[in-house]
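Please open the model in your viewer and keep the sequence beside it. The stops below move from one selection to the next.

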Amino acid sequence: MAKYLLLKHYRGAPAAVNDVPMDQWTPEEISAHVQYMSDFAARLEQTGEFVDGQALAPEGAWVRYDGEGRPPVTDGPFAETKDLIAGWMVIDVDSYERAVELAGELSAAPGAAGKPIHEWLEVRPFLAASPTITECPHR
């Protein structure tokens with residue numbers, strides 16, 4: 001089994017087929033979307049493929065270390081970033097192909113007018129092991 005992160009983007013990904021922003025949906029459309037996501041996660045819990053998933057709040061800030069004995073530095077919020085990732089789901093599946101299959105199904109969650117969004121989801125594998133110093137892209 002391999003773990004994959006499915007990222008739902010509000011901005012930064014190619015446009016969805018049903019590209020009406022969520023803040024323009026009716027309360028019923030939002031409820032139908034949330035129910036689809038819950039039902040999807042529940043089905044994956046039954047197969048042992050669901051690990052965790054969360055929607056993200058619009059608030060956020062960048063934080064970094066600022067040196068020994070100093071408080072962390074914060075900057076933000078950044079609308080261009082906080083609007084980018086809407087939520088995530090971690091799945092544990094037998095193959096990359098299964099991860100892609102599930103991401104495709106998840107992208108069909110209903111949106112405006114109850115029609116499938118067909119949104120793009122980012123599928124990212126977890127590292128199986130820590131990279132060595134020579135493999136690390138930040139060195």
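A crossing of two helices is called left-handed if the near helix is turned anticlockwise from the far one by less than a right angle, and right-handed if clockwise. This is a predicted model, in which local features need pLDDT of at least 70 and side-chain atom pairs count only at pLDDT 80 or more, while totals for chains, interfaces and linings use all residues. Residues are numbered from 1 along each chain as its sequence is written, and side-chain values use heavy atoms, with hydrogens and water left out.

The crossing of α1 and α3 is right-handed. Their axes, lines fitted to C-alpha atoms over the stretch in contact, with angles from 0 to 180 degrees between N-to-C directions, come within 11 Å and cross at roughly 155 degrees. That makes α1 roughly antiparallel to α3, a label for angles over 145 degrees.

Now show side chains: Tyr36, Met37, Phe40, Arg43 and Leu44 of α1 meet Arg98, Leu102, Glu105 and Leu106 of α3, where contact means heavy atoms within 4.5 Å.

Next, select the open sheet of 4 strands, which has the order β2-β5-β1-β6 with antiparallel pairing; two strands pair if DSSP finds at least two bridges between them. Because β2 (50-55) and β6 (121-125) stand at the edges with a single partner strand each, one side of each is left without a neighbour in the sheet.

Finally, select β2 with β5 (residues 85-93), which pair in the antiparallel sense over 5 bridges, and find glutamine 54 opposite tryptophan 88 in β5.

Key: Helix = DSSP H or I, 4+ residues; strand = E, 2+ residues; numbered from the N terminus. Parallel < 35°, antiparallel > 145°, perpendicular 65-115°, else oblique.
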